[in-house]
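Welcome! Take a look at the structure below, then read on for a short tour, topic by topic.

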Amino acid sequence: MANIDREQLLHVAHLARLELREDEIERLEGQLNDILEAVSKVSELDLADVPPTSHPHEVVNVWDEDEPRPCLSTDEALANAPEREGDFFKVPPGGAT
Amino acid sequence: MIDTLRLTAEEAKRLLDAREISGAELFAAYRTSIDQRDQELHCYLHLCDDPGGDGLPIAVKDVIGTKGIPTTAGSKILEGYVPVYDSTVVERLKAHGLRILGKTNTDEFAMGSSTENSAFGPSHNPWDPSRVPGGSGGGSAAAVTGGLAPWALGSDTGGSIKQPSALCGNVGLRPTYGTVSRYGIVAFASSLDQVGPVAKTVRDCAYLYSIIAGRDERDTTTVELPQPVELPEATDLKGLRVGVPKELNEAEGIEPGVAVAVQAAIAKLEELGAEVGECSLSLSVEYGMPCYYLIAPAEASSNLARYDGVRYGYRADAAERLEMYERTRDEGFGDEPKRRIMVGTYALSAGYYDAYYGQAQKVRTVIKREHDALFETFDALVSPTSPTVAFPLGARTADPLAMYLSDVLTIPSCMAGLPGLNVPCGLSEGLPVGLQLVGPQFGENTLFRIGHAFEQAIGFDPVPERLR
């Protein structure tokens with residue numbers, strides 16, 4: 001099942017917003033194929049009738065009252081910003097995200 | 001003279017309560033030990049000044065958010081990040097008067113089994129500094145064993161508390177999922193991550209667990225403990241049934257010296273009055289690793305999407321926004337997070353989701369059911385924690401899959417959300433061997449009872465020979 005080629009790898013890197021350097025691409029291609037081959041073992045089991053577990057507990061939604069409570073001030077929220085303009089996080093312009 | 005290598009938290013608290021030592025003297029004693037030994041061991045990424053008071057000092061793994069104290073998760077992408085709020089567990093430490101000595105080293109984003117993935121250099125094992133302390137919480141484990149903290153907090157996703165405790169020869173608990181708040185913790189894989197205590201003794205471990213456990217309204221996956229934590233006192237194991245899962249005890253790669261020490265430990269449990277029986281976890285052991293290495297990277301790829309250079313952390317120079325995101329993440333993340341982000345993104349992508357992530361979630365159900373069935377017969381399961389003793393630095397860094405196998409024995413119960421305790425059970429080649437005790441959901445008190453009786457019976461000396 002597993003086999004990821006260079007084109008797929010670059011597609012996945014783009015989905016993950018990683019700009020990989022050439023040497024990383026070469027190294028990752030081999031490593032990812034080894035890892036994917038190892039994890040593909042899960043497909044050996046026939047589990048058509050088994051429900052998935054997304055969480056160790058049977059969790060149900062927890063609802064809170066919608067009441068204002070103390071929260072971070074604007075300055076606190078912006079305290080770690082790489083770049084700030086007024087009350088905003090500043091980012092470089094343009095381009096699709 | 002305070003001997004930080006031997007002083008337990010319980011004894012330190014007694015000395016403080018009796019006013020035989022002051023809080024300032026105690027904190028200073030640990031700082032002196034840090035000055036003496038941390039250059040060699042590199043347990044700490046950041047040291048804190050004494051905030052004053054008479055509470056016990058404690059070390060905190062650097063994935064745990066601390067207000068006003070840098071929190072890097074061992075990553076360059078969070079270098080210089082200073083949280084503006086405390087995690088719930090740190091609030092609870094402070095409410096008990098505990099004083100933070102510093103933040104301990106970790107594999108980047110807690111991804112690893114040796115601390116060699118830390119962007120700030122590895123920690124070293126106090127028993128032999130040419131060897132790893134385990135990981136990801138190697139900094140906390142080495143600090144406790146090296147006398148650089150009386151106890152510490154770690155975090156565990158697939159073995160990051162238990163495995164370093166095994167390799168350093170101390171006591172570490174991965175709690176039942178949901179008993180300790182994850183609010184304010186740097187997230188890796190949210191359905192697996194749990195904060196837990198690292199200590200010199202089982203009683204210290206239980207006491208620290210009692211401080212941090214319980215429901216937190218800011219983490220909706222938390223629950224109240226069904227019974228309060230009991231500090232263990234009994235020295236026998238009468239009436240307890242201990243299962244020995246064949247596959248966890250005979251897995252490929254278990255060193256002969258580890259197997260011998262664990263077999264002797266099992267004989268000791270029987271001698272103490274436990275009823276011991278063989279059992280099987282065949283599917284959990286065979287499919288636990290592949291299941292974990294799909295689910296954890298999938299969740300990681302989602303959790304680590306937040307590091308984009310916009311709100312906090314590292315930002316790379318770039319003229320245009322998409323370029324800024326991609327370059328920031330390439331330069332900010334090390335190799336292991338990148339590998340896991342790539343595997344996780346692939347496993348969640350269109351066309352592959354059902355075959356990888358969907359199937360792994362079903363395997364998780366199988367693992368949970370297999371464990372649940374055993375706890376109808378047994379009160380706890382026993383095995384080695386790590387297949388090997390501490391390995392030399394560099395031994396597994398070239399091969400990611402070899403590193404992943406370090407956690408082959410701890411991962412299955414993590415997938416099932418179950419508590420696990422590491423207790424030292426002897427030495428092999430002069431290095432500690434760890435015994436893993438796994439319990440049913442909320443079975444911590446039973447694990448503490450077994451661990452304490454065993455610890456008392458064998459009298460393991462937790463101080464590395466070279467430091468005695």
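Chain B contains 15 helices and eleven strands. Keep in mind that this is a predicted model. Here is what stands out, starting with chain B as a whole.

**Overall shape of chain B**
- Along the principal axes, the C-alpha atoms of chain B fill a box of roughly 70 × 55 × 45 Å.
- A compact globule of 468 residues would have a radius of gyration near 23 Å, so the 21 Å of chain B agrees with that picture.
- Of the 468 residues in chain B, 61% count as buried.
- If you take the contacts in chain B between residues at least 6 apart in sequence, 76% of them join residues at least 24 apart.

**An enclosed helix**
- Helix H11 of chain B covers residues 335-348, and its 20 Å reach from first C-alpha to last is close to the 20 Å expected at 1.5 Å a residue.
- Because 13 of its 14 residues are buried, H11(B) is largely enclosed by the rest of the structure.

**The largest nonpolar core**
- This core has 142 residues, and those touching the most other members are B:Ile58, B:Ala149, B:Ala152, B:Cys291 and B:Leu294.
- Helix H9 of chain B (residues 282-303) gives the core its largest share, eleven residues.
- Beyond its neighbours within four places in sequence, B:Cys291 is in contact with A:Val42, B:Ala360, B:Val363, B:Arg364, B:Ile367 and B:Met415.

**Where the chains meet**
- Contacts link 48 residues of chain A with 54 residues of chain B.
- On the side of chain A that touches chain B, H2(A) gives the most, with eight residues.
- The residues on that side of chain A divide into 32 nonpolar, ten polar and six charged.

Methods. Residues numbered from 1 in each chain as written. Chains lettered and ligands numbered in written order. Predicted model: local features only at pLDDT ≥ 70, side-chain atom pairs only at ≥ 80, totals over all residues. Helix = DSSP H or I, 4+ residues; strand = E, 2+ residues; numbered from the N terminus. Expected span 1.5 Å × (residues − 1). Buried ≥ 20, exposed ≤ 12 C-beta atoms within 10 Å, placed from the backbone. Core = buried A, V, L, I, M, F, W, Y, C linked by C-beta atoms within 7 Å. Contact = placed C-beta atoms within 7 Å. Nonpolar A, V, L, I, M, F, W, Y, C, P; charged D, E, K, R; others polar. Rg over C-alpha atoms; globule rule 2.2 N^0.38 Å.
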